[in-house]
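Welcome! Please take a look at the sequence and structure shown here, and then read on for a short tour.

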There are 2 protein chains.
Amino acid sequence: MSIETDIKQSKFRNPHHKAALNLLFTANWLSNSQACLLKPYDLTPQQYNVLRILRGQYPNPIRVNDIIERMLDRMSNASRLVDKLLLKGLAQRTECLHDRRAVDVVISEAGLNLLAELDNLQDHWENKLQQLSSEEATLLSDLLDKLRSTSETSC
Amino acid sequence: MSIETDIKQSKFRNPHHKAALNLLFTANWLSNSQACLLKPYDLTPQQYNVLRILRGQYPNPIRVNDIIERMLDRMSNASRLVDKLLLKGLAQRTECLHDRRAVDVVISEAGLNLLAELDNLQDHWENKLQQLSSEEATLLSDLLDKLRSTSETSC
DNA sequence: TTACATTATATGTCAATACATTTAATAGAA
DNA sequence: TTCTATTAAATGTATTGACATATAATGTAA
């Protein structure tokens, strides 16, 4: 369905405005569908994102600060997200040897198992994007990269 | 900057997975920059979105339910967002004549003035997307429409 | 008309988030 | 060394959000 129909708006200031609204709308759509899939496993999309980052480093530990740099949403509280994962036994936390301010986080066996189980769901989620060909998906990604390539800092 | 650098991940399962992560990351990036611009005016992106929907109907009223259908993020609580706008004097709420369950919401003079002031900021925000040509912006929007064109319901 | 289902909105609740502040460790300059 | 700045992570707090439920009006079938 076109964005015009989805948000019941027929006119946009210009193609850029339309693209911006469509981007926000589509990201919400995708994020909500992911949240819905993860709900039965008692994981939020953010927790899932952190868990996958941990798996990406496994068996090496990663520090909280490095997790933040890899997160899709930088604004969220990585420290508390890790807390949640610890509470569920999906990760382990140990003091970093060389820097006692820092903390090493590693995904646990249970975390790896849960992710393995969720990999099938992830396929299902990615299939939502199968309306696009591989070439189109690459083109979309390139356009998004270009969109962000402003020199501006802050706001 | 490419998404690889931004989230420090060099490999993706496939082009679709990469596009999905890029979409979520870019939407957060855009949304955060908008929040940052709006902050001095004590408006959240969601409140701003509702205010613009109200202006789109002005001078006609719009019902809360119709606001929800136009919102970029359907999950948020439209009723409380409208509350916030009323509290700030940016909108007015009157009982709907023909259906006493419903409520008519109209943007106020103050709301219109605030939006007029913000239109310049909005230009600035849209300029973030000026890295793309008009054709590219349209292409991006079309790809997003296509991405959402799955027949699936729910998750 | 009476039931009952549906619709529109509001509210209660608890978790998640944003953002500022705190605590503690490290780095570097004087 | 001492002082100060910086960095890493945790915490406090107020706001926002999701989601279930409540309230009230409307529509509809018997």
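## Reading helix angles

Angles under 35 degrees count as roughly parallel, those over 145 as roughly antiparallel, 65 to 115 as roughly perpendicular, and the rest as oblique. Axes are lines fitted to C-alpha atoms, for helices over the stretch in contact, and angles run from 0 to 180 degrees between N-to-C directions.

## The model and its confidence

This is a predicted model, in which local features need pLDDT of at least 70, side-chain atom pairs count only at pLDDT 80 or more, and totals for chains, interfaces and linings use all residues. Residues are numbered from 1 along each chain as its sequence is written, chains are lettered from A and ligands numbered from 1 in the order in which they are written, and side-chain values use heavy atoms, leaving out hydrogens and water.

The pLDDT is the predictor's confidence in each residue, from 0 to 100. Chain A has an average of 88, and 97% of its residues score at least 70. Within chain A, the lowest confidence is in helix 1 (residues 3–6), with a mean of 82, and the highest is in helix 7 (residues 134–147), at 95.

## Chain A at a glance

Helices (H or I, at least four residues) and strands (E, at least two) are DSSP runs, numbered from the N terminus. The C-alpha trace of chain A spans about 55 × 35 × 30 Å along its principal axes.

## How the two copies relate

Chain B is superposed on chain A by a rotation of 180° with 0.0 Å of shift along its axis, at an RMSD of 0.0 Å. The two copies are thus related as by a two-fold rotation axis. Superposition is by least squares on the C-alpha atoms of residues with pLDDT of at least 70 in both copies.

The copies meet through the same surface, because 100% of the interface residues of chain B are also interface residues in chain A. Contact here means heavy atoms within 4.5 Å.

## A helix pair across the chains

Helix 2 (residues 15–38) of chain A packs with helix 7 (residues 134–147) of chain B at an angle of about 25°, their axes being 9 Å apart. Helix 2 of chain A and helix 7 of chain B are therefore roughly parallel. Among the residues that meet are Leu23(A) and Trp29(A) in helix 2 of chain A, and Leu140(B) and Leu144(B) in helix 7 of chain B.
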